[in-house]
Amino acid sequence: MKDEKQKIPVHVAVIMDGNGRWAQKRGWPRIRGHREGAESVRAVLRACKTAGVKYLTLYAFSTENWVRPKTEVAGLMTLLSKFLKEQARELHENQVRLRTIGHIHDLPKSLQKELQRVKDETAHYTSGTLILALSYGGRVELTDAMRRIAGRVKDGALEPEAITEETIRESLYAPDIPDPDYMIRTSGEMRISNFLLWQLAYAEFYITDVLWPDFREPEFMKALEEYSRRHRRFGNIK
Ligand code: IPE
Ligand code: IPE
Ligand code: MG
């Protein structure tokens, strides 16, 4: 149960890593790790509801992940479609809206359609927001933002001197979503792998050796407890 005094992050962003290693450790194909990882997504979604986390961003597929073997990429896309179909009902029940960030047009057409359908159907919900980062890269997001801003300058709609942090922020994929307060990475890698480069500027980081398929409610709650002990200073001395 939620401790009334516990400080809860408004927005948690997760690098769901370690599916392949989880499977390989057991002598199983990597895709089995991805399948088990989908169960962790469900578990973390439930935990967010219990704890009162309003926004959850999940790094599901990066721009860099396209270089993986064709069979693994195809398997991941199939799993994503399956996940969406199975999860849609729960999103409705819990009044959670679905959003996406990334180059969605790179995904298989059927998956794009399914994503659009669930996004449209859940757009009006306000209990929580699930943001899936798909074919997402932080550098590409910033590049897209620069292009948009340059276009406005070229059209004479914006003076270069008038460009502020706010101009950049509002040119990102999801400008209405508050920056993540907490970034969780599973499987121990000490890097951000091109995730939310702008938005993570002041996020607290939590890196655990637990592999994503083993990261269920208890692990998530443990991470939240750790967050409540963090002292965010934002450059101040207090
Ligand atoms: C994370 O698990 C899932 C995706 C990147 C899609 P990995 O597939 O990266 O698993 P490891 O890091 O190889 O164990
Ligand atoms: C980051 O994991 C991307 C996702 C979780 C979707 P990777 O496994 O792709 O990251 P690297 O390659 O180890 O940095
Ligand atoms: Mg990995």
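Two strands count as paired if DSSP finds at least two bridges between them. Helices (H or I, at least four residues) and strands (E, at least two) are DSSP runs, numbered from the N terminus.

**Entry 1. Ground rules.** I am working with a predicted model, in which local features need pLDDT of at least 70, side-chain atom pairs count only at pLDDT 80 or more, and totals for chains, interfaces and linings use all residues. Residues are numbered from 1 along each chain as its sequence is written, chains are lettered from A and ligands numbered from 1 in the order in which they are written, and side-chain values use heavy atoms, with hydrogens and water left out.

**Entry 2. The sheet.** I looked up the strand order first. Six strands make an open sheet, β3-β4-β2-β1-β5-β6, with parallel pairing.

I then went through the pairs. β1 pairs with β2 in the parallel sense over five bridges, and H11 has Y55 as its bridge partner in β2. On β5, β1 has a parallel pairing of four bridges, with V14 opposite I184. β2 (residues 55–62) is joined to β4 (residues 128–136) by seven bridges, again parallel. Within β4, Y136 stands opposite S62.

**Entry 3. Strand β1.** How many residues of strand β1 are buried? I count as buried anything under 20% relative accessible area, as exposed anything over 50%, and as partly exposed what lies in between (1.4 Å probe, protein chains only). Five of the five residues of β1 (residues 11–15) are buried, so the strand is largely enclosed by the rest of the structure. H11, A13 and I15 point one way, V12 and V14 the other.

**Entry 4. Nonpolar cores.** A nonpolar core here is a set of buried Ala, Val, Leu, Ile, Met, Phe, Trp, Tyr and Cys residues joined through side-chain atoms within 4.5 Å. The largest has 40 residues, of which V12, L56, L115, L130, I184 and F220 touch the most other members. Helix α3 (residues 70–93) supplies the largest share of this core, eight residues. I also noted a second, separate core of 16 residues, with I15, I101, F195 and A203 among them.

Residues up to four places away in sequence aside, F220 touches V12, V44, A47, C48, V53, I184 and F215.

**Entry 5. Ligand 1.** For both ligands, a residue is near if one of its heavy atoms lies within 4 Å. A polar contact is a pair of N or O atoms within 3.5 Å; within protein, one must be able to donate a hydrogen and the other to accept it, and residues adjacent in sequence count only if both atoms are side-chain atoms.

Ligand 1 has 13 residues around it, and M16, D17, R21, R30 and R68 come nearest. A polar side-chain atom of R21 is 2.7 Å from an oxygen atom of the ligand. Backbone polar atoms also turn up: that of G20 at 2.9 Å from a ligand oxygen, and that of G18 at 3.4 Å.

**Entry 6. Ligand 2.** Which residues are around ligand 2? I listed I15, M16, D17, Y59, A60, F61, S62, N65, R68, R185, R191 and S193. Polar side-chain atoms lie 2.9 Å from a ligand oxygen for N65 and 3.1 Å for D17. For R185, a side-chain N or O atom is 3.4 Å from an oxygen atom of ligand 2.

**Entry 7. The loop between β5 and β6.** Is N194 buried or exposed? N194 sits in the loop between β5 (182–185) and β6, and is buried because its relative accessible area is 13%. Its side chain makes a polar contact of 3.0 Å with that of E64. Beyond neighbours within four places in sequence, N194 is in contact with Y59, T63, E64, Y136, G137, G138 and R139.

S193 is in this loop and has a positive phi of about 45 degrees although it is not a glycine. At 30% relative accessibility, S193 counts as partly exposed. L196, also in the loop, is another non-glycine residue with positive phi, near 35 degrees. L196 is buried, at a relative accessible area of 4%.

How values were computed
Contact = heavy atoms within 4.5 Å.
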